[in-house]
Amino acid sequence: MPTEIAEIKRKARVVAVVGVLMGGVLPGLLGIAAMSTAETNPYRAEKFTAIAWLIMIVGWLTFAAFLLMVALGVITVEEGTP
């Protein structure tokens with residue numbers, strides 16, 4: 001059991017760092033929450049970690065779709081005031 005908790009904490013630490021650096025505030029906060037609840041409720045900590053990864057992936061896919069639409073000309077970015 002202690003090795004499972006250590007593994008959950010390691011995964012939560014990774015998602016917290018990656019979340020803050022590349023995913024935004026919410027995945028980082030969920031990673032921190034997962035680290036703090038790993039000892040008392042490992043199931044909840046794993047859920048927090050999974051939700052944080054899901055939020056980051058959805059954010060990355062949304063950003064990639066936006067860049068693709070800009071590259072294809074579906075969305076135009078104009079300078080100046082309307």
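**Entry 1: helix α2**

Against which helices do the buried residues of α2 pack? I looked this up first, in what is a predicted model. The buried residues of α2 pack against α1 and α3. I listed these buried residues as Pro-27, Gly-28, Leu-30, Gly-31, Ala-34 and Thr-37.

I then checked the length of α2. At 1.5 Å a residue, its 13 residues should span 18 Å, and the end C-alpha atoms are 18 Å apart, which agrees.

**Entry 2**

I recorded two quantities for each helix pair, since two packed helices are described by the angle between their axes and the distance between the axes.

Helix α1 covers residues 2–23 and helix α2 covers residues 25–37. Their axes come within 7 Å and cross at roughly 160°. That angle makes α1 roughly antiparallel to α2, the threshold for this class being over 145 degrees. I noted the crossing of α1 past α2 as left-handed.

On the α1 side I found Lys-9, Ala-12, Arg-13, Val-15, Ala-16, Gly-19, Val-20 and Gly-23. These meet Val-25, Pro-27, Gly-28, Gly-31, Ile-32, Ala-34 and Met-35 in α2. By class, the residues of this contact divide into nine nonpolar, four polar and two charged.

**Entry 2: α2 against α3**

I turned next to the other neighbour of α2. Helix α3 covers residues 42–72. The axes of α2 and α3 come within 8 Å and cross at roughly 165°. The two helices are therefore roughly antiparallel to each other, and their crossing is left-handed.

From α2, the contact is made by Leu-26, Pro-27, Leu-30, Ala-33, Ala-34 and Thr-37. From α3, I recorded Pro-42, Ala-45, Phe-48, Thr-49, Ile-51, Ala-52, Ile-55 and Met-56. The contact of α2 with α3 has 12 nonpolar, two polar and no charged residues.

Is Thr-37 buried or exposed? I located Thr-37 in helix α2. Its relative accessibility is 17%, so Thr-37 counts as buried, the limit being under 20%. Leaving aside neighbours within four places in sequence, I found Thr-37 in contact with Pro-42, Ala-45 and Phe-48.

Ile-55 is found in helix α3. At 30% relative accessibility, Ile-55 counts as partly exposed. Not counting residues up to four places away in sequence, Ile-55 touches Leu-26, Pro-27 and Leu-30. I also took one distance along the chain: the C-alpha atoms of Ile-55 and Arg-44, 11 residues apart, are separated by 16 Å.

**Entry 3: α1 against α3**

How do α1 and α3 lie relative to each other, parallel or antiparallel? Their axes come within 10 Å and cross at roughly 25°. The helices α1 and α3 are therefore roughly parallel to each other, as angles under 35 degrees are classed that way. I noted that α1 passes α3 in a left-handed crossing.

The contact is made on α1 by Ile-8, Lys-11, Ala-12, Val-14, Val-15, Val-18, Gly-19, Met-22 and Gly-23. On α3 it is made by Pro-42, Ala-45, Glu-46, Thr-49, Ala-52, Trp-53, Met-56 and Trp-60. I counted the classes for this contact of α1 with α3 as 12 nonpolar, three polar and two charged residues.

**Entry 4: Trp-60**

I examined Trp-60, which lies in helix α3. At 35% relative accessibility, Trp-60 counts as partly exposed. Not counting residues up to four places away in sequence, Trp-60 touches Met-22 and Trp-53. The C-alpha atoms of Trp-60 and Val-20 are separated by 13 Å, and the two residues are 40 apart along the chain.

**Entry 5: helix α3 and its end**

Which residues of α3 are buried? I found Ala-45, Thr-49, Ala-52 and Met-56. An α-helix has 3.6 residues a turn, so residues three or four places apart point the same way. What covers the buried residues of α3 includes α1 and α2.

I repeated the length check for α3. Its 31 residues, at 1.5 Å a residue, should span 45 Å; the end C-alpha atoms are 45 Å apart, which agrees. Finally, I noted that α3 is followed by Gly-73, whose phi is positive, near 85°.

Conventions:
Residues numbered from 1 in each chain as written. Predicted model: local features only at pLDDT ≥ 70, side-chain atom pairs only at ≥ 80, totals over all residues. Heavy atoms only, no water. Axes fitted to C-alpha atoms, helices over the stretch in contact; angles between N-to-C directions. Helix = DSSP H or I, 4+ residues; strand = E, 2+ residues; numbered from the N terminus. Parallel < 35°, antiparallel > 145°, perpendicular 65-115°, else oblique. Left-handed = near helix turned anticlockwise from the far one by under 90°. Contact = heavy atoms within 4.5 Å. Nonpolar A, V, L, I, M, F, W, Y, C, P; charged D, E, K, R; others polar. Buried < 20%, exposed > 50% of the residue type's maximum accessible area, 1.4 Å probe, protein only. Expected span 1.5 Å × (residues − 1).
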